Amino acid sequence: MTTFDSHDADNPVKDTIWKEQVSPIDSIPRPIAIAGLGLALVLVWQLVTVSGVVSAIILPSPAETWREIIFVGTNLVSGGYMLGALWITMQEVLIGFVLATLIGVGLGVLVGETRFGERAVMPYLIAIDTMPKIAFAPLFVAWLGFDISSKVALATFVSVFPILVGTAAGLNSADRNALNLFRTMGASRWQTLIHMKMPAGLPHVFTGLKIASLGVMAGAITGEFLGGGKGFGEMIRIAASQLHTPRVFALILYLSLLGLAMFGTVSLVQKKLIFWHKDSRDAGE
């Protein structure tokens, strides 16, 4: 006798549920994928250095680079001279990022909220943004000197435009129905900006902030390359002039970690501040 099990019955509702097909490579856990890709890159790096295709002066071996990474890390942990250099670069990056945020948000509100900003100010900002920003480094040095001020100015100058664009785009992305509702309720322009447009535009603002958190590092280091200083950029320049490429690689690695920390901090603040916003990647998880 055949028994009927309701669990084995066809479920027409279940059959209509669409499931995304995930490829095997996309199903690999993120930590394993990152570690595997890094190991593969190091292996290729080792093969290139062993083969002798590239001179060891130009591309040191992973072992030589690792020794320098340990040396630099030990110097930083023990409070050596490299820690002071890293602190100078961190000051340039942090101050530059804060100034870029204030200036970028301010100009973004001017451009996104007023006709004067959109029609008169924006063309000048676009013209400045199209210029090679590195070319301004000698000018900042001439105006502000060889101390930290010129590096902060260049870091701010490089990173301000993504924040400006993100802020203006966020203000223009406000929902029209919500705007009409605020107008119907008699809200002032300032109240509409603070209580509706800015909260709605925060995802765009944070997109600009994350881009700027990476660009500000490039601005500060370039300023040290071209305008002297006592930070990590100057140490990289000195090591490169001495053909000490393992030291250059090690210093770049620690600067990369600083950049990742900046980016991660901005991302964390974004998740805490606008926890209600989910992008398409979050929706698929």
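Predicted model: local features only at pLDDT ≥ 70, side-chain atom pairs only at ≥ 80, totals over all residues.

Trainee: OK. How much of the chain is buried?

Mentor: Buried residues make up 36% of the 285 residues. Buried means under 20% relative accessible area, exposed means over 50%, and partly exposed is in between (1.4 Å probe, protein chains only).

Trainee: And what share of the contacts comes from residues 24 or more positions apart?

Mentor: They account for 71% of the contacts with a separation of 6 or more. Contact means heavy atoms within 4.5 Å.

Trainee: Let's zoom in on H6. Which residues are buried there?

Mentor: H6 covers residues 137-144, and Ala-137, Phe-140 and Val-141 are buried in it. Seen down the axis of H6, the buried residues fall within an arc of 100 degrees, so they line one face of the helix. That arc is taken from the directions from the helix axis to the C-beta atoms.

Trainee: What's on the face turned away from the buried side?

Mentor: There you find the exposed residues Pro-138, Ala-142 and Trp-143.

Trainee: And what covers the buried residues?

Mentor: The cover includes helix H7 (148-172) and helix H9 (189-227). Also, look just after H6: Gly-145 takes a positive phi of about 90 degrees there.

Trainee: Switching to H9, how does that helix sit against H11?

Mentor: Their axes come within 10 Å and cross at roughly 165 degrees. Axes are lines fitted to C-alpha atoms, for helices over the stretch in contact, and angles run from 0 to 180 degrees between N-to-C directions. H9 and H11 are therefore roughly antiparallel to each other. For the angle names, under 35 degrees is roughly parallel, over 145 roughly antiparallel, 65 to 115 roughly perpendicular, and the rest oblique.

Trainee: Which residues meet there?

Mentor: On the H9 side they include Leu-202, Phe-206 and Leu-209, and on the H11 side they include Leu-255, Leu-258 and Met-262. By class, the contact of H9 with H11 has 15 nonpolar, four polar and one charged residues. Here Ala, Val, Leu, Ile, Met, Phe, Trp, Tyr, Cys and Pro count as nonpolar, Asp, Glu, Lys and Arg as charged, and the others, Gly among them, as polar.

Trainee: How do H3 and H11 cross?

Mentor: The axes of H3 (residues 62-77) and H11 (residues 245-273) come within 8 Å and cross at roughly 55 degrees. That makes H3 oblique to H11. The residues of this contact divide into 10 nonpolar, two polar and three charged.

Trainee: Last one: His-204. Where is that residue, and what does it touch?

Mentor: His-204 is in helix H9. At 35% relative accessibility, His-204 counts as partly exposed. Not counting residues up to four places away in sequence, His-204 touches Gly-166, Ala-169, Gly-170 and Ser-173. His-204 and Thr-167 are 37 residues apart in sequence, yet 6.4 Å apart in space, C-alpha to C-alpha.

Conventions
Residues numbered from 1 in each chain as written. Heavy atoms only, no water. Helix = DSSP H or I, 4+ residues; strand = E, 2+ residues; numbered from the N terminus.
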